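Happy to walk through this one with you. Let's take a few questions about side chains and where they sit.

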Amino acid sequence: MIDMSPNLVLVVTIAALFTVGVYLLLERSLSRVLIGVILIGNGANLLFLVAGGAAGRPPLVGVEPEGEMSDPLPQAMVLTAIVITLGMTAFLLAMAYRSWQLHGHDEVQDDVEDRRIVRLAALDERAFVDTDTEGVVESLDEEAALARDETDDGHGTEVEQR
Amino acid sequence: MTDMTWVVPLPVMLPLLGAGLTLALYGRPRVQRVVSVSVLSLALLASATLLVLADDGPLVVEIGGWAAPVGIDLVADRLSALMLTISGAVTLCVLLYSLAQSQEDDEESAPVSIYHPTYLVLTAGVANAFLSGDLFNLYVGFEILLAASYVLLTLGGTGERIRAGTIYVVVALLSSVLFLVAIAMIYAATGTVNLAQLAIRLPEIDPGTQLVLQVMLLLAFAIKAAIFPLSAWLPDSYPTAPAPVTAVFAGLLTKVGVYAIIRTQTLLFPGGRLDDVLMWAALATMLIGILGAVAQDDIKRLLSFTLVSHIGFMVFGIALSSEAGMTAAIYYVAHHITVQTALFLVVGLVERAGGSTSLERLGGLARFAPLLAVLFFVPAMNLAGIPPLSGFLGKVGLLEAGVASGTALAYVLVAGSVLTSLLTLYALVKAWNKAFWQTPPEDPLPARLPVGMVVPTAALVSLGLALTLAAGPLYAYTSRAAQALAERDPYVNAVLPDGERGPGESADVAETDEGGHG
């Protein structure tokens, strides 16, 4: 039987790749997200190698005695996964570039619903002025104005038109 | 039974071949159109054939003649065949609609030569996911359809589409990675990714490990199926795409996730350990989704939220873990694919007729386009579940199954479903009133509705109605599908006769696997 105890170095590497990858995924810049995706993808690929058992001899039937060769299946799957990651990376790169072309940055923006809520909160603020914090922190109005908003075409929103 | 298994790979192969062909013919849009329409029609024909054949038992094809647990196999059972047929009909209608639209719009800013290959690849990916007999092939199917969907969503590369596409792509990539990690862990735990063999091996491993694997798979699929709280990406990204693209996404992509949940829950994890969690998720998906829809004043976004909300119904059916619940869930999936797609196509027409999708700016369309009003009204009522339409039948099936299961939580969900249906009705009637009956804020320029776009829409609307007329046989079919899912043995035996290995010719490899590592 093949030894199934996982290789500690591989496990630690996977953990590191996932940690860094997740951290980068939480960034706003698409290029960093992309690097995060690549790192996590590689972590998953290594996980497959661990799943295939300890390293053995080449995974070729007939060349090596059964039980001493490596498991070929995870290697085949990793190969497929690598190809897929390559395609996705190319696409994300193209998208980051297009975003940079259009907006001058490649940030992943807030979704429309979030921005609506910020705007509604800003409208609501007139009705509820909190005197304790007045003048201390900047108002929601200013915050809303500061919130990045590329979709605002300058004609105002439905909320403001009413 | 004559050997008809050669039909099984056709729904995947034909669109893929067509994609290659249309890509080579990028300079000849007319030939491209002919190729894609004929390819999709043939694929639909093959799927319909499978629908009939699979009723006698699952059909298995081992790709390249490699024996099952190691080689890749495609399996068409009742559930897959039904999903294939419905999705085939929907993709064909949407394709015809988009052809008419691109002809009318003179190709806008979109690089249309890319549209056909991408669309066909999307279809192939969906078919591959439905037919796939092992987890990794399912992952590949997902990736094929996702990659195509990224391209379709960002077609033209305008600012708004890139913004929406970014969120969509990142979320989709995250779910793919989760799925991949789950597959790796499943392989580590059981030494196989073949669904049939997993069905045999998974019950033998530690229950705790089983639970972890189940949760990981569910998480990955729940993101794809847009189940709350993993649904926030959907209403944000779908409405920005062109109408036919949104329609086919809304109809198919989330349903592939639902299909994957049904398949893995029934085949791999039959105990129903996470049913309570799924119930709560279903309830939250229904209610929060529909509340989002009520709050919208843009008809496309409103529909996207109803899409999220109605995924909850299917999850409810799955979570009941009974044959009645599964029957209703499958029927509901079939109904929802047609109806939601039809609604998005109608909204594309509304946008064309009224020049906007904002309910504040639309109005008086009933006067200019009475046919459009009918086309909107029928699927809208169908979605809300007005008797005797198919939405009503599906919901009644779910409610009956919920009551039959009799737990307190099931009753809560029954109440939640009724409330959701009422709110759906409210949201859609609001949209209907505002778009079609209110006095328009500014006089619209009544645009001519191209026949080429109206006919496929009408065809889909009538398909939704046909689901009502054919409800008896269809419900019987879904019931048999649910039965086969619950039994599991027919599926496992079809893939692995005698529980050992498939009939493929790679004997030596199959024997090697015998000494595998459990």
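A salt bridge here is a side-chain nitrogen of Lys or Arg within 4 Å of a carboxyl oxygen of Asp or Glu. This is a predicted model, in which local features need pLDDT of at least 70 and side-chain atom pairs count only at pLDDT 80 or more, while totals for chains, interfaces and linings use all residues; side-chain values use heavy atoms, with hydrogens and water left out. Residues are numbered from 1 along each chain as its sequence is written, and chains are lettered from A and ligands numbered from 1 in the order in which they are written.

Q: Which residue forms a salt bridge with A:Glu107?
A: A:Glu107 lies in the loop between helix H3 (72-103) and helix H4 (112-124) of chain A; helices (H or I, at least four residues) and strands (E, at least two) are DSSP runs, numbered from the N terminus. Its partner is in the loop between helix H1 (8-25) and helix H2 (30-51), so the pair ties together parts that are 79 residues apart in sequence. With an N to O distance of 3.7 Å, the partner is A:Arg28.

Q: Is A:Arg28 buried or partly exposed?
A: Buried means under 20% relative accessible area, exposed over 50% and partly exposed in between (1.4 Å probe, protein chains only). A:Arg28 has 37% relative accessibility, so the residue counts as partly exposed.

Q: What is the N to O distance in the salt bridge between A:Arg32 and A:Glu27?
A: A:Arg32 is partly exposed at 43% relative accessible area, and A:Glu27 is also partly exposed, at 25%. Their side chains meet at 3.4 Å.

Q: Which residues are linked with B:Arg78 in a network of salt bridges?
A: B:Arg78 sits in helix H3 (residues 78-105) of chain B and counts as buried at 16% relative accessibility. One salt bridge, at 2.9 Å from N to O, joins B:Arg78 to B:Asp55. The network links B:Arg78 with B:Asp55 and B:Arg480.

Q: How many salt bridges are there over all chains?
A: The pairs above include A:Glu107 with A:Arg28 and B:Asp55 with B:Arg78. Over all chains, the count comes to eight.

Q: What is the relative accessible area of B:Leu375?
A: B:Leu375 is in helix H15 (residues 370-384) of chain B. Beyond residues up to four places away in sequence, B:Leu375 touches (heavy atoms within 4.5 Å) several residues, including B:Val346, B:Leu349 and B:Val461. B:Leu375 is buried, with a relative accessible area of 7%.
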